[in-house]
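Hi there,

Here is the structure I promised to pass on, with some notes on what turned up in it. Have a look first, then read on.

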Amino acid sequence: MVFTQEIYDSLYGTYIYYHDGELKELFMRVGSNIGSNPLEAGTTIMELQDFHIECLNDKLLSITLVTKEGETKTVYASLRSVGREVAE
């Protein structure tokens, strides 16, 4: 999942992703080269067993995670900002 914003005429993204058992966040200028293994560059938010984002429609996401202890949590996020895009 990526949230973009323009800062001083440059586009930046906050990337939220699951990699090697960890939920990660990476903030960077869109199009920047961050090396040969960009998935390792993010900051770990928490350890997980699994993480899924599902687009339910053009305005609603389902976000499900399984904690390292095996507990499943699901939240729903409504996309309400101007200029939103949903990649399926």
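Let me begin with Glu47, which is partly exposed because its relative accessible area is 45%, between the 20% and 50% limits. Please keep in mind that this is a predicted model.

The side chain of Glu47 forms a salt bridge with that of Lys68, at 3.7 Å from N to O. This pair ties together distant parts of the chain: Glu47 sits in strand E4, while Lys68 lies in the loop between E5 and strand E6 (72-78), 21 residues apart.

How many salt bridges does a search of the whole structure find? There are three. In another of them, the side chains of Glu22 and Lys24 meet at 3.4 Å, N to O. Glu22 is partly exposed at 22% relative accessibility, whereas Lys24, at 4%, is buried because the cut-off for that is under 20%. Lys73 and Glu71 also join their side chains in a salt bridge, at 2.9 Å from N to O. Here Lys73 is partly exposed with a relative accessible area of 42%, and Glu71 is partly exposed as well, at 44%.

Now for the strands around these residues. E4 (residues 43-57) pairs with E3 (residues 22-29) in the antiparallel sense, over four bridges. Lys24 turns up again here, with Thr44 in E4 as its bridge partner. E4 also runs antiparallel to E5 (residues 60-67), joined by eight bridges; His52, for instance, has Thr64 in E5 as its partner. Two residues lie between E4 and E5, which form a hairpin.

Best wishes

Notes: Residues numbered from 1 in each chain as written. Predicted model: local features only at pLDDT ≥ 70, side-chain atom pairs only at ≥ 80, totals over all residues. Heavy atoms only, no water. Pairing = 2+ DSSP bridges. Salt bridge = Lys/Arg side-chain N within 4 Å of Asp/Glu carboxyl O. Buried < 20%, exposed > 50% of the residue type's maximum accessible area, 1.4 Å probe, protein only.
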